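Here is a friendly walk through one protein model, from its core to its surface. Keep the 3D view open as you read.

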Amino acid sequence: MRKKGSILIEIVVSTMILAITTTFVISASIQNMQILKERILLEEVNRDISNLINEFKYNLTRDEIKEILNNEKIGFKYSDDFSKKLLTSSVNELEKGNDIEVTKIGEDSLGIKLKVKTNIKNEKSEAVINREFIKSWWMDEIQEKKQNWEE
């Protein structure tokens, strides 16, 4: 009788250990998937923001930037195909929103200092990026030479 009781206790303890281990593995897997989704979103947003910054730096003149930022700030709506829209249309034609904000920080004879802020949420993931960049005077000169060369 004693042996049957101890075997029963061992089975119960083994089942509890197995349940705890399974719960831990499942919990860790779910957390890893959430982190992976967040990293993928952050990578995509980072890439899209870099494309937007390059658009401001190299494809817009200083005057066009001043016109776009007439009230010191402009906002864009973020979507999964933001970079594709940026390729096929100008910055003025992008959908307005509050997901991505470009703000003018300052201006001097050397260039315009701008700041890009994002706050993009996707399911349980969130991408918050703050980057500053300068549209320097020489970028306009290169753009003018490129346009003259294309003509």
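## The nonpolar core

The largest nonpolar core holds 26 residues, and those with the most contacts inside it are Val45, Leu52, Phe56, Phe76, Phe82, Ile100 and Val102. Such a core is a set of buried Ala, Val, Leu, Ile, Met, Phe, Trp, Tyr and Cys residues joined through side-chain atoms within 4.5 Å. At least two residues of this core come from each of H1, helix H2 (62-68), strand E1 (73-76), helix H3 (82-88), strand E2 (100-108), strand E3 (111-122) and strand E4 (125-136). H1 gives the most, with 6 residues. Helices (H or I, at least four residues) and strands (E, at least two) are DSSP runs, numbered from the N terminus.

Take Val45 as an example: leaving aside neighbours within four places in sequence, Val45 is in contact (heavy atoms within 4.5 Å) with Tyr78, Thr118, Ile120, Ala127 and Ile129.

## About the model

This is a predicted model, in which local features need pLDDT of at least 70 and side-chain atom pairs count only at pLDDT 80 or more, while totals for chains, interfaces and linings use all residues. Residues are numbered from 1 along each chain as its sequence is written, and side-chain values use heavy atoms, with hydrogens and water left out.

## An aromatic pair

A search of the whole structure finds 2 aromatic pairs (rings of Phe, Tyr and Trp, its six-membered ring, with centres within 6.5 Å; planes under 30 degrees apart are stacked, over 60 edge-to-face, the rest tilted). Phe56 and Phe133 form an edge-to-face pair, 6.4 Å centre to centre with 65° between the planes. This pair links distant parts of the chain, with Phe56 in helix H1 and Phe133 in strand E4, 77 residues apart.

Phe56 counts as buried because its relative accessibility is 0%, and Phe133 counts as buried because its value is 5%. Buried means under 20% relative accessible area, exposed over 50% and partly exposed in between (1.4 Å probe, protein chains only).

## Lys113 on strand E3

Lys113 is found in strand E3 and counts as partly exposed, because its relative accessibility is 35%. Leaving aside neighbours within four places in sequence, Lys113 is in contact with Thr103, Lys104, Ile105, Gly106, Glu132, Phe133 and Ile134. Lys113 and Lys135 are 22 residues apart in sequence and 6.4 Å apart in space, C-alpha to C-alpha.
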